[in-house]
Amino acid sequence: MSSPDQPAADQVKERTGTPLLEVRALTAHHGQLRALTDVSLSVFPGDVYAIIGANGAGKSTLLRTIAGLHRPTTGSILLDGADVTGQRPERRLAAGIAMVPEGRRLFGSLTVEENLQVGSSYARPGPWNIERVYELFSWMRDRRGQRAAQLSGGEQQSVAIGRALVANPRVLLLDELSLGLAPLIVRRIYGTLPGLLAAGVTVLLVEQDVSQALRVATRIHCLLEGATTLEGPPEGVSPQRIESAYFGLAGVAGVAGPGGGSPPHQEPPS
Amino acid sequence: MSWVNAIIQGILIGGLYALFACGLSLMFGVMKVINLAHGDLAVVAGYLAVGVIAVTHIPAVWSFILVVPIFAVAGYVLQRTLIQASLNRGVLTTLLVTFGLSVVIENALLQFSSANSHSLGIGHLVSDSFSIGPQISIAYLLVAIFVVAVVVLLGLQYFLSLSRHGRLIRAVADDREAAQLSGVDYRHIFGIAAGIAFATVALAGIAWGMVSAFAPTTGTDTLLLFAFEAVVIGGLGSLWGTLAGGIILGVAQQIGAQINSADQFLAGQLVFLLLLVIRPQGLTGQQSTT
């Protein structure tokens, strides 16, 4: 993340071999409603993989399905080549998939420290522990005895990230970190991402705020009504293409009309 | 002085009611299961104690050593099988299933035993007492049961707030899905909570068998009602509220009996209804925000 063009160059080198997390042709439903249609993606070690899209595009469903909270209709999810599609969320955590859920979902009656202790109850061995989370978020140590429900939204989001980190995940899923938070707080929370990456955590995030996603992502994936409209590194993708992939404007980018444009799933030139 | 005596007796019996109620409160607080078979389970524990005493010839007072562990295991197994299966089908289903369980238990007891009432004979211990002044006589047994109830509540409090599994129980009660994302198998945690609830109800059932008598239908027509009232008076989810609820119920009953011996349970019911009107969230409960 040092200079704008360096990560992209790294990615070209590294994005080969077995992906750390692979989603193959995933289709998922909410009752009768189809939320995801044939979505595939590959996350490689060191990626900050951002899934963008409008409200109801299926972003959160995708993340919940990867974490095991939602059962897909068809398709498969692989972690480091091993199929985890049928596994419960708690087994996936042990395998290395942790998630910061939308709305933070802390254990409100538990203290900050107890939330982190629950997070580390079934942790994999690794560099993260409660002490290191306190170093990452320096305010937290002094307020570790406070009930999570009494914290502000931004503080709760930090505890939620800490709770997922202490499990020492290989892939960290972040669902709508910015939801309901002031822009300054959002920027501060996203400011911790480089530290996580340096510690070897790979990040798959869902973000409605496209500019925020573009600031941090090494790879973007746009969903529109549950289907992929754009996938690739953010460099070299024009704002117009992102906009059309996001809103589904006809004749441009992924939504190819008869008159031109590129077919879906095509990667932009790198 | 007879009024003071009534209040003291009420406080002591209130400990027993709290012992009945804490398991009910725990199961509702953690898995949102309203266990309508709770009272029947206490009666089953009584019958099991009778059986254990007959087979092993241990003194009735010590029957809990075998009955309580059996109940803890049964609670875990029942939660992981029947109750979990009903939970997967919605909260209303658990109500129907535990109601069905209650009917099955009562009829099975009638089938294999009889409608006659039983009690756990503990000889002179049941009547041994000490006196304060001319009119107040306190049974050692009631004092012992009250102490056991307080110790159980203290232990439960300690376990829930300080142990690793207690922490996981509270986490699962707060947010089951978020707990899963932290690697917690909530079904296992539910099983542990049910095991604890069953252990406490077994203890309460045995204590009841010593101070009073039980028949196959005692579970629903008396014990379940008392447990519910103690929980509602005290406020859901609070252990000490449950103790306060049990004591208020006990004192109301004793004072009612003092006025007219036929009105003992009526007085308890009236106080329960009164509190439900003026403080529906219970003594320790928070005002509902929804």
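Q: What pattern does chain B follow along the sequence?
A: Chain B reads α-α-α-α-β-β-α-α-α-α-α-α-α, which comes to eleven helices and two strands. Those are DSSP runs numbered from the N terminus (helices H or I, at least four residues; strands E, at least two). The model is predicted: local features need pLDDT of at least 70, side-chain atom pairs count only at pLDDT 80 or more, and totals for chains, interfaces and linings use all residues. Residues are numbered from 1 along each chain as its sequence is written, with chains lettered from A and ligands numbered from 1 in the order written.

Q: OK, how do β1(B) and β2(B) run, and how many bridges join them?
A: Antiparallel, with four bridges between β1 (129-132) and β2 (136-139) of chain B; strands pair if DSSP finds at least two bridges between them. Ser129(B), for one, has Ala139(B) as its bridge partner.

Q: Switching to helices: at what angle do α2(B) and α8(B) pack?
A: About 65 degrees, with the axes of α2 (38-56) and α8 (186-211) of chain B 7 Å apart. Axes are lines fitted to C-alpha atoms over the stretch in contact, with angles from 0 to 180 degrees between N-to-C directions.

Q: Which residues make that contact?
A: On α2(B), they include His38(B), Leu41(B) and Gly46(B); on α8(B), Phe198(B), Ile206(B) and Trp208(B) are among them. Contact means C-beta atoms, placed from the backbone, within 7 Å.

Q: What about the classes there?
A: Eleven nonpolar, four polar and no charged residues. Nonpolar covers Ala, Val, Leu, Ile, Met, Phe, Trp, Tyr, Cys and Pro, charged is Asp, Glu, Lys and Arg, and the others, Gly among them, are polar.

Q: Over to chain A. What's the strand order in its open sheet?
A: β2-β1-β4-β5, four strands with antiparallel pairing. β2 (33-43) and β5 (82-83) of chain A are at the edges with a single partner strand each, so each has one side left without a neighbour in the sheet.

Q: How many bridges join β1(A) to β2(A)?
A: Seven, and β1 (21-30) of chain A runs antiparallel to β2(A). Val23(A) of chain A is opposite Leu41(A) in β2(A).

Q: How many residues does each chain give to the contact of A with B?
A: Chain A gives 22 residues and chain B gives 16. On the chain A side, α3 (89-95), β6 (97-100) and α4 (112-119) each contribute two or more. That side has 13 nonpolar, five polar and four charged residues.

Key
Two residues are in contact if their C-beta atoms, placed from the backbone, lie within 7 Å.
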